[in-house]
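Open the model in your viewer and show it as a cartoon. Keep the sequence panel in view. We will go stop by stop.

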Amino acid sequence: MRWLLGLVLCLVPLAAQDIEETARQLERTARADPSENNLFELGSYLLQHNGFAPGLTTFEYGVGRYPKSARLRVGLGVALYSLRRYDEAVERLCEAVDLDPSDTKALDFLGKMQD
């Protein structure tokens, strides 16, 4: 049993290093090709790994570059929510609904915020 604990303790820094390296690779990709998809992937990855402020910056940049992208606005809303900026999050999510009413992701997240 102790060997398992030792193995886990050895792998924790490796997992953190992998997260940082993956984030750096995604950032390099987004800088080389700042497509809507690449910016969304980078911002989403950052949010998933508790990089709320860098995720917010990525989504703000993405929305500035692609103002008609509903999914980048959803990402921006999630980032704002993660940083406890609830009123702004609701505004961005409502904008996403206005841009693409058929995409239910923004409405789903608004519903979860309500709960």
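Which pattern does the protein follow when read along the sequence? The pattern is α-α-α-α-α-α. That comes to six helices and zero strands. Helices (H or I, at least four residues) and strands (E, at least two) are DSSP runs, numbered from the N terminus.

**Before you click**

This is a predicted model: local features need pLDDT of at least 70, side-chain atom pairs count only at pLDDT 80 or more, and totals for chains, interfaces and linings use all residues. Residues are numbered from 1 along each chain as its sequence is written, and side-chain values use heavy atoms, with hydrogens and water left out.

**Stop 1: colour by confidence**

pLDDT is the predictor's confidence in each residue, from 0 to 100. The protein's mean is 84, and 84% of its residues reach 70 or more. Select helix α4, residues 70-82: confidence is highest here, at a mean of 97. Now select helix α1, residues 2-32: confidence is lowest here, at a mean of 61. Contact means heavy atoms within 4.5 Å. Where pLDDT is low, the predicted coordinates should not be read in detail.

**Stop 2: threonine 58**

Go to helix α3, residues 52-65, and pick threonine 58. Is threonine 58 buried or exposed? Threonine 58 counts as buried, because its relative accessibility is 11%. The cut-offs: buried is under 20% relative accessible area, exposed is over 50%, and partly exposed lies in between (1.4 Å probe, protein chains only). Leave aside neighbours within four places in sequence, and threonine 58 is in contact with Leu39, Leu42, Gly43 and Leu46. Across the protein, 34% of the 115 residues count as buried.

**Stop 3: salt bridges**

How many salt bridges does the structure hold? It holds nine. In each, a side-chain nitrogen of Lys or Arg lies within 4 Å of a carboxyl oxygen of Asp or Glu.

- Select arginine 28 and glutamate 21: their closest N and O atoms are 3.2 Å apart. Arginine 28 is partly exposed at 48%, and glutamate 21 is partly exposed at 27%.
- Select aspartate 103 and lysine 105: N to O is 3.5 Å. Aspartate 103 is buried at 17%, whereas lysine 105 is exposed at 53%.

Last, select Arg73, Glu91, Arg92 and Glu95: salt bridges that share partners join them into one network. Within it, glutamate 91 and arginine 92 meet at 3.1 Å, N to O.
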